[in-house]
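Visitor: I am new to this structure and would like to be walked through it. Could we begin once it is on display?
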Amino acid sequence: MNKQFVTLGVTGGIAAYKAADLCSKMVQCGYEVQIIMTESATKLVGERTFLTLSHRPVITSLWDVPEWRPEHVALAEHADLLVVAPCTANFIGKYTHGIADDALSTCALAHRGTVLLAPAMNPNMWHHPAVQNNIKLLAARNVEFIGPEIGHVACGDDGTGRMAEPADILTKIKTLLNCP
Ligand SMILES: Cc1cc2nc3c(=O)[nH]c(=O)nc-3n(C[C@H](O)[C@H](O)[C@H](O)COP(=O)(O)O)c2cc1C
């Protein structure tokens, strides 16, 4: 049986280190995982961590892929699911408004299947009307969300903004892919 293929986008939130755990769990569950990191994400976690855990080259740019076919088009056709974890306020804004200025945002617009976002940010950012309006627009487009959760965030504040735990994101992925 073919493995299910999931694109895991990692954006520049401090919870990017938790995406490594999520990636590892997904691979152990038998999914093929293609990581796409934003430039900000690469400042927080090393590309090699994801290369090692996913057993595949990490995509960090639209321009460094040797294939004749643009990677975002090939991936969009191939992926059963696109997950973005952690998902920054910036990515939410770009995806809501159709901006495609890097590998992940371009792949997201080309993707026709289910999209799952795991937002993670400072509570003030999460409660900002711009972010909340964007979330409403995306929910109306049937984009799936998990979290954010209430708790302590890395910048020292308490409130809503923590990324959902990797184990819970994995459970949601299995549900969306109809896996036991
Ligand atoms: C140390 C550090 C941690 C950050 N953590 C977050 C975060 O948790 N959530 C968020 O939305 N932005 C966070 N930011 C800001 C984003 O990195 C910034 O908005 C960036 O433009 C996001 O780019 P991306 O969406 O392409 O990854 C953080 C910035 C720094 C320097």
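Visitor: Which residues does Asp157 touch, not counting residues up to four places away in sequence?
Guide: Asp157 touches Asn122 and Pro123; two residues are in contact if their C-beta atoms, placed from the backbone, lie within 7 Å. Please note that this is a predicted model, in which local features need pLDDT of at least 70, side-chain atom pairs count only at pLDDT 80 or more, and totals for chains, interfaces and linings use all residues. Residues are numbered from 1 along each chain as its sequence is written.

Visitor: How far apart are Asp157 and Asn122 in sequence and in space?
Guide: They are 35 residues apart in sequence, and their C-alpha atoms are 7.4 Å apart in space.

Visitor: Where is Asp157 found, and is Asp157 buried or exposed?
Guide: Asp157 is in the loop between strand E6 (149–152) and strand E7 (158–162). Helices (H or I, at least four residues) and strands (E, at least two) are DSSP runs, numbered from the N terminus. Asp157 counts as exposed because it has 12 C-beta neighbours inside 10 Å. A residue is buried with 20 or more other C-beta atoms within 10 Å of its own, exposed with 12 or fewer, and partly exposed in between, the C-beta atoms being placed from the backbone.

Visitor: Now the helices. At what angle do H1 and H3 pack?
Guide: Helix H1 (residues 16–28) and helix H3 (residues 47–54) pack at about 15°, and their axes are 9 Å apart. H1 is therefore roughly parallel to H3. Axes are lines fitted to C-alpha atoms, for helices over the stretch in contact, and angles run from 0 to 180 degrees between N-to-C directions. Angles under 35 degrees count as roughly parallel, over 145 as roughly antiparallel, 65 to 115 as roughly perpendicular and the rest as oblique.

Visitor: Which residues make that contact of H1 and H3?
Guide: H1 contributes Ala20, Cys23, Ser24 and Val27, while H3 contributes Thr49, Phe50, Leu53 and Ser54.

Visitor: Which residues of H3 are buried?
Guide: Phe50, Leu53 and Ser54 are buried in H3. Seen down the axis of H3, these residues fall within an arc of 85°, so they line one face of the helix. The arc is that of the directions from the helix axis to the C-beta atoms. The buried residues of H3 pack against H1 and strand E2 (32–37).

Visitor: What about H9: which of its residues are buried?
Guide: In helix H9 (residues 166–176), the buried residues are Pro166, Ile169 and Ile173. They cover an arc of only 60° around the axis, which puts them on the same side of H9. Ala167 and Thr175 are exposed on the other side of H9.

Visitor: At roughly what angle do the axes of H1 and H9 cross?
Guide: The axes cross at roughly 45° and come within 9 Å, which means that H1 is oblique to H9.

Visitor: A change of topic: which peptide bonds are cis?
Guide: Two can be named here: the bond from Ala85 to Pro86 is cis, with omega near -5°, and the bond from Gly147 to Pro148 is cis, with omega near 5°. Pro86 is in strand E3 (81–87), and Pro148 is in the loop between strand E5 (144–145) and E6.

Visitor: And what is the phi of His55?
Guide: The phi of His55 is near 65°, a positive value in a residue other than glycine. Most residues other than glycine have a negative phi. His55 is in the loop between H3 and helix H4 (71–78).
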